[in-house]
Structure formats: structure tokens, C-alpha cells
Amino acid sequence: MSQTIEQIAKALEARAEGDLTIEVTGASEPAAAGPDQIALAMSEKYAEGLQAGKARAALVWEGADWRAYGLEAAVFVTRPRLAMAGLSKAFDPGPSIASGVHPSCVIDPTAVIGADAAIGPFTIVGPDVRIGPGARIVGQVTIGEGARIGAEALIHAGVRIGAQVVIGDRFVCQPGAVIGSDGFSFVTPDPSGVEEIRQTLEQREEITEQKWTRIHSLGTVEIGDDVEIGANTCIDRGTVRATAIGSGSKLDNLVHIGHNVQVGEDCLLCGQVGVAGSTRIGHRVVLAGQCGVSDNITVGDDVIAAGGTNIYTNVPKGRTIWGSPAVKMETQLEINKSLRRLPRLFAQMAELRETVTKLTQKGGTE
Amino acid sequence: MSQTIEQIAKALEARAEGDLTIEVTGASEPAAAGPDQIALAMSEKYAEGLQAGKARAALVWEGADWRAYGLEAAVFVTRPRLAMAGLSKAFDPGPSIASGVHPSCVIDPTAVIGADAAIGPFTIVGPDVRIGPGARIVGQVTIGEGARIGAEALIHAGVRIGAQVVIGDRFVCQPGAVIGSDGFSFVTPDPSGVEEIRQTLEQREEITEQKWTRIHSLGTVEIGDDVEIGANTCIDRGTVRATAIGSGSKLDNLVHIGHNVQVGEDCLLCGQVGVAGSTRIGHRVVLAGQCGVSDNITVGDDVIAAGGTNIYTNVPKGRTIWGSPAVKMETQLEINKSLRRLPRLFAQMAELRETVTKLTQKGGTE
Amino acid sequence: MSQTIEQIAKALEARAEGDLTIEVTGASEPAAAGPDQIALAMSEKYAEGLQAGKARAALVWEGADWRAYGLEAAVFVTRPRLAMAGLSKAFDPGPSIASGVHPSCVIDPTAVIGADAAIGPFTIVGPDVRIGPGARIVGQVTIGEGARIGAEALIHAGVRIGAQVVIGDRFVCQPGAVIGSDGFSFVTPDPSGVEEIRQTLEQREEITEQKWTRIHSLGTVEIGDDVEIGANTCIDRGTVRATAIGSGSKLDNLVHIGHNVQVGEDCLLCGQVGVAGSTRIGHRVVLAGQCGVSDNITVGDDVIAAGGTNIYTNVPKGRTIWGSPAVKMETQLEINKSLRRLPRLFAQMAELRETVTKLTQKGGTE
């Protein structure tokens, strides 16, 4: 899959100079680049690498004297990561799946699969499933009865999509993800210890046996357009209404989304984030890796949480938070500083108490 | 799958009034309910929703004036979540699996599968496996040689059950769970840095190369009756004795149970909880989301841990804990309050030191 | 698979006494051992168990009076866990997979599979894959186009290996692991809130809409020799260069390794550890369960982190750390002690302020 420098510049909406007919078949870090690769030298720190490498063309920073590095062509980039998005898309061949449905698949006759589908081996598609045009399904995938998936889905190996799940267009799902597992919702005949604790925040008076009875998940999962789900991530179905992931949201690997959770649009939920049941996450929320969110709370629009933050209560919109329990980032920075200074504070207190005792004895305040 | 209001009331052991012959095919939130659904209006806050919706019948709170909301029948509920358990069970069709064993499955001739089994495509069942009557296995499942599974199992897609694993009756397992992976147990020829640190809790004197050699897992996993395992959860096999999950315990998604761990009966381990090797968890323990438990410790019966709690040492029975490291919940609440007030404490200290210095200079204590 | 005591002693390079011709078929804890099992009594605390059990032979501690426990043979062990490694390897039969490639597999004709392979049902092997000799692949595995796997691999059920992934010899991979999922790398046309926060560590002035565009992963994953990967662990491919796991490193279950991450040699990454994108982990690093490591930082060689540690910044080599944010272990111990004493400190401050106020009034410092 080769591209000319002209094609690349056009795809990136960027200015290019030099021999725009040069063809490249991939991209590389400057020092490692061969003559058939475009070097990624989007800031001045890569200048040395460009000298060392063998690339004939490069993405370079604005103002770079590209000819001095022995290049024959250059594409000028102002926002490097955005340029990477365009460039990497151009060179990503995607998984190789033979077109059509592999003969080993078990497809229910009532399922409707759109045009131009490529479905790999051992895939199971249940009754009344609808899959839009242009689907690419790598293989070993299970899609439960009545599920609906929009156009141009890319579903990697071993993904499990439960019954009645509804998914929008341009869905991307990494291997092993589970969408539509049953919610973790149990009840005891009498109030359980957990219910008591939530009332009292204290030790319990008395402890009794408790057997857990399942509350079945009658709801489903509804996923908007342009959503991406990471490897081995799990999204539980709702109890009555659907668990929902808004359009444009991206979930990383090993994320856990509990039953009834509502995630807004254009959110980023990073690796190993967990959101407990019935919580509502606003739009454009970013939760860094390993954040945890308690059940039945609301995280406002545009909240950003640093890695490992534990959110136990509602968070107002627009706030940047950190810590456990989560506080404003500036508060946590203050707390961290205080913690390091604590031993000194204890020492000062001891010293001061001694001084004051002496003063008191001398002055006879009592 | 329609039910009369009379049938529903009977299933919930609840009192009903009005036209008990009305048939419904599902349940819904009050405002969204159609005429063929029973509205879930189990507290007064749903009164408005009942007015707006089209349901003919509802689950209502004790004392509700149901006719005023245009209903034709009502079922009175005292413990709403318990009622939901009964109602949701009645309306859950479960996954659709054709009865019998799908011809694509690879079943070892020495395996014995009980009556009325429904086993979906591409399932692998090893030698000497025993599966009880009434099994429902969705598909793409792997069951290793010698494994034993009790009656009425419901095993979703892509579950991996290792060799010799023993599981009781009424087992429910969500997609992608792994039961019986090898334990994470390694040893170095000479004592490793970790062993040294455990002795000294300090920096190490000297650092040497260390190559890890596997301690193989000869033990298995033993799971009691009425256990449920969440999506993509992993349970490692024991080194010599079995890793064990007691009857009635429920594990959520993405939970990690290390080798040799003993989990008691009727526990709830929520999403992304991790329990390290050889630790013992008592009965009726509740670990909220993302709790971590160190290896080789004991968590007593009836312990409840808030989300994100890190448990490094033994916990006495009946205790409610929070934080990292875990302390009594009331202690953590006190610590949290103190942390927020710390900057003020530092300011007070500075001010006080100044005052006392002045006093001292004046009084001449030295 | 029976072994004589002589064979076992030889395998463990240990001294044995008594009847070395006794054959055993497995190992057991002393009290539960039968006559055909070797009892594991590697310290004096097992003396009572030996009395109770039925074993004829045992692994015993140096100096044990083994005849007094009714044993007929004994193997003397100085480093018990190392002995367990040897013993458990001798008795582990491994998964039973029929030799050869199961006829249900879909193997691309251009793939080359080494001698003596055993590949279970429903495995998919893509174009140009190379698998070394002695491979054992349990079943339901997917191996993408162009992947390279060394000699003597043991790959459990449901593992997903992506395109172009390169893996060394003696690879062990637990069920459900995903190697080579796409990186979690997105960019907005204008600087996003996250970028702004990283600059300011403060609240944002203004909040704007942001749509995320994927940066595709053109890189792959490179894994050295003797690496083991846990169940449902996920390793993302790199953006341009490869994500890398060094030889001898072991990853536990449910670990998340982001794109471009470099893990050194002989590391242990325990259950549910997460390492964010482009971070570099040195050699012989041990991260206990649920540790989190931020993106784009460096963790030096021989660092050891206690469970649940959150690493936000570079860590110098050789350091033992704990806490969130991570500090030296001794500092965290000091902080923990201080936190418990904080309420007392607040009380002392209140008391002292009162005393000083009285002194001041009396002495008239103002």
C-alpha cells in the first residue's frame, strides 16, 4: 500500500515541498527509516535522527531546513499528533479477512448481514441480528439474538455481543470485549450488611446470614456512533432501561461498565477504569487509567480525573480531580505536599509544647 | 412470554388488587411503560411517571392510591429490590440456544453430558468431563479434561474452564471468564529482592540478577453451588490444594483470584477486585469495586470494604473498612476530614511558633 | 506419570535417604497425602501433618528425623519454593492436546508450523505466520497474519495474537490473553482539555467540544524468550515502533500494557497492573498487584512497588516504593503512622493555641 508524498500531504491538509512523486510504503522514526518510508520528524529534536536515517521524505516541523538533512521532500506539520492520525490511517492495512462469510460460521437464517461483509471463521450470529454494510469481523465472534450493529463495523477476534444490544455506525471493538453481560445486582430477603452500612457509615450492631438472589438484567446495552471498545473490556446490560455509551466515546482495555451506567458523548475511559452500577458520566469526560467511580452518582460534563482517582460522590461539571477520595487537583497537590511535611509538623508540635510548658511554669498561667 | 398479574403476585408472594387477569409481556419504568408492560413504581417518587405512562398494571408502594393513576391492577411491594429479583426472573428468557449439542462441537467420547443439555457451536469438551443435567452452554466454550460441572449450569460464550476444575449446581458464568488458569508463582535460585524487602521493609543492600522459575499449579479450582462468575474474571488454580470459591458467592466482571485463595460462602466480590495468592476470605464478605487484597492474609467473616480499599494485613471479622492501607471506615472518614484541614494546621503552626517565639524572647525562658 | 524418589531427588539436585525405589504419582500436603504421593513437609511446622498422613516418602527440612514420622524415604530440601518448582514441573502433565493439527482449524496455506505441533480445535492461523517446533495450542486461538512464535510455545484456549507480533521461545500464555490490540491513542483537532491540564495542573479557562480521531497502531508487539502472559491480559501494539516485553518477564492475569511500552527483562507484573502508553520499565522490576504506572515515564531497574502503588513520575533504579503517589516505602510507612496520629495532632494544636492565648493575654505580647 504505497502513497506518494503528494497524497500524504493532501490527506493531512498540509503543505509539502520537494519531489512530491516519491512513493513510500510506511512510516518510521527518523533514525530507523529506510528509503521507502516517510520519517516522522515533527519537532526539532529529531534533526539528528534525520541525519542518521535513510528516508528520502519526512514529516517535519514548521520552518525546518529539510534539504540540509539530505531529504528530497518534506511535509510541514503544525499539530504533530493530528498529523499522525491521518498518516497512520493511510498506512494501516487493518486485519486481513477474506471477503464474504467464512463457511464455518453459524449464521441464523433470520439474521440480515449488509453488503460487502467480511466475516472470519467460527463466528456465531443469532436469530434476528442486523449487521450494517461493510462489516469486518475477524473471527471467533459471538453475536446474540436480536442485536443490531451499524455500518462499517470492525470487530476483532473473540468479541461477545449479547442479545438485543444496539450499536451505531463505525464501531471498532478490540479482541475479547464483552458487551451485554448480565448486571451484578443481587438482593437479600432482609436488608443486607451493605445496606445497613450505607445508612450508618458505622459498624453493624448485629450480623446475620444472607443469601443473594439475582436481579436479572432485562435491559440491554445501547452504543452510539463512532464508539471504540478496548480489549477484554466488559459492559453489563441494564436492569430495565439500557446501559448506554454515547457517540464518539472511546473505552480502553479492561474497562468495567456496570449495569444501567450512562456514559455521555466523546468521553475517554482509559485502561482498567471501573464505573459501578447506575452512575451517570457526562459528555467529554476523561478518566485516566484505573479510575474507579462509585454506583448511583453523577460525574458532570468535561470532568478530567487523573490516574487512579476514586470518585465516591457527585462531581460538578468542568472539574479536574485527583486522589482517593477525589478532590480538586490543586487540593490534592496541596495534600501531597502536606503529607511529605507531616513528620516535620509532628516534630515542631513536640518542641512547641515543651517550650510552652516551660513558659507556663515560669509565668504560672494556671 | 406473557404473565398475568395474578401469576406475578404469586411469584412475588405479594398482595394484588384490581383486574388480576391482565397479561403483560415485560416490565418498564413507569413513564416509558406500554399497555402490555407492568410499570415498576415501587416508591412514591414514581407517581408522576405513572400518570405519564400507558401501563394498565404496576408494582406499587404500600398504600398507593393506584386507581388515581389510571391503573387497572396493582401489586403491593414492601421490599422493592427483592420484588425486582422475582419479577426480572419471570421475564428473563435467557440466551437462546438450540437444544442438544451443536454438530460443530468437539466432545471427547469419554465425556458425560447430562439430560436436556443445550450446547452451542464450537464448544470443546475434553476427556472424562462430567456435566450435570440441564446445562446451557452458549458456544465457543472450552472445558478441560476431567472437569466436573453440576446441574443447571448457564455458561455464556467464550468461557474457559481448565482441567480437573470442580463446580457445583446452578453455576452461572458470564462471557470470557477463565477458571483454572495457572497460578502466578515463581521462584529465583537465590532469595529475590522481593523476599529481602519482605524481611527488611527497607532498601536493599545489594542487587543481583534473578531469573524466575515457574512453580507449576498441580491443584485445581473448586467452586460450590449457586456461584456466579462475571465477564472476563480469572481464577487461578492452586499449587497443591485447590483454589476455592464457597457456595452462594458472586464475583463480578474482571475480578482476579490468585492461586490457593479460599473465598467463603455468600461473598460479593465486585468489579475489578483482586485477591493475591493464598489469602483466605471469610463468609459473607463484601469487597466493593477495585478492592485489592494482599497475599497470604485473612479477611474475617462479614467484613465489608468500600470501593478501592487496599487490604495489606489481616482484618478481624465483622469490620467495615476503607482506604489504603485499609482502616476502620470511621477512622478513614476522620483521616479524610483531617487531610482537608491540613493546610490550615500548617498555617496555625507557623503562626503559633511566631507567637511563642515572641513570648519567649519577652519572658526570657532560655 | 509416576516417579521414583531417586528420580525426584535427582531432579531437585537434593540429598535423599531411605528406600529410593518408592514410586509416587503426585504430591500433597502432609496430612492429606496418600501412600502414592510424596508429602510436602519442607519445614518443621508440618511434623504433625506427617504423623497424620499416609505418605511413605516426603520432602523434608534439613535435619528432620524422618523415620520418626513413619516415612520410608525422605528428600532433604534447603530452599523449599525452589524445590516446589522442580517437583511441580515433574508432576504437571500439562493440557491434553492431541498431536497434530485438529481438522477443524483454519490454517492459511502460507503459514509454516514447526515439527511436533499439537493444535486444538477451531484455531485460526493467518497468512505468513511462522510457529516454531513443539508448539502446544489448546484451541479456539487466533494468530494474525505475519506473526512469529518461537519454539515450544504453550498457548491456552482463546488467546488472540495480532498481526506481525513477534514472540520468542518457550512462550507460555494463559487463556483469553490479547497480544497486539490497537493502542488507545486519540487526538482532537484543537488541543484537548487533557493537554491543557497537563500544561497548567489547574482548572481550565474555557471548555470546548472535542471529537477524538484515532492514531492507528502501525507498530507491533515484540516479546522475548521465556515470557509468560496471564489470563485475559492485554498488550497493545505500538504506534510506530513495537511495544516490547523483555526476555524472562512474567505478566499475571488482567494486566494492561499500553502502546509503545517497553518492559525490561526478568520483570514480574502482578495481577491487574496497568502501564500507560510509552512508559519504559527497567529490568527486574516487580510491580505488585493493581499497581498503576502513568504514561511517558521511566521506572528504573530493580524497582519494587508494593500492591496498589500509583507511579506518576520517574522512579530511580533500585528503589522500593509504596503509595499514591508513590514514595519510598519507608516514607510511606512514616506517612501512614502520621495519618493515624493526625486527630491527636489537631487536638494538641487546639489545646496549645488556647494555652498560648492565655499566656499572651497575661504577658501582653501585643
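Predicted model: local features only at pLDDT ≥ 70, side-chain atom pairs only at ≥ 80, totals over all residues.

Visitor: Why is A:His259 called buried?
Guide: Its relative accessibility is 11%. Buried means under 20%, so A:His259 counts as buried.

Visitor: Where does A:His259 sit, and which residues does A:His259 touch?
Guide: A:His259 lies in the loop between strand S29 (256–257) and strand S30 (262–263) of chain A. Its contacts include A:Phe184, A:Asp236, A:Arg237 and A:Ser278, leaving aside residues up to four places away in sequence. UniProt, in an unreviewed entry, lists A:His259 under "active site".

Visitor: What makes the pair A:Lys211 and B:Asp266 a salt bridge?
Guide: The side chains meet at 3.0 Å, N to O. The cut-off is within 4 Å, for a Lys or Arg nitrogen and an Asp or Glu carboxyl oxygen, so the pair qualifies. The rule finds three salt bridges across the interface of chain A and chain B.

Visitor: Which element supplies the largest share of chain A's side of that contact?
Guide: H5(A) does, with 16 residues. The contact takes 78 residues from chain A and 73 residues from chain B. About 6200 Å² is buried between the two chains, 62% of it from carbon and sulfur atoms. Across the interface there are 25 residue pairs in polar contact.

Visitor: What rotation superposes chain A on chain C, and why is the relation called a three-fold axis?
Guide: The rotation is 120°, with 0.0 Å of shift along its axis and an RMSD of 0.1 Å. That is the relation of a three-fold axis. The copies use different surfaces: 19% of chain A's contact residues recur in chain C.

Key:
Residues numbered from 1 in each chain as written. Chains lettered and ligands numbered in written order. Heavy atoms only, no water. Least-squares fit on C-alpha atoms with pLDDT ≥ 70 in both. Contact = heavy atoms within 4.5 Å. UniProt positions renumbered as here; feature names shortened; annotations may be inferred. Helix = DSSP H or I, 4+ residues; strand = E, 2+ residues; numbered from the N terminus. Buried < 20%, exposed > 50% of the residue type's maximum accessible area, 1.4 Å probe, protein only. Buried area = accessible area lost by both parts, 1.4 Å probe. Polar contact = N/O pair within 3.5 Å; in protein donor to acceptor, adjacent residues only side chain to side chain.
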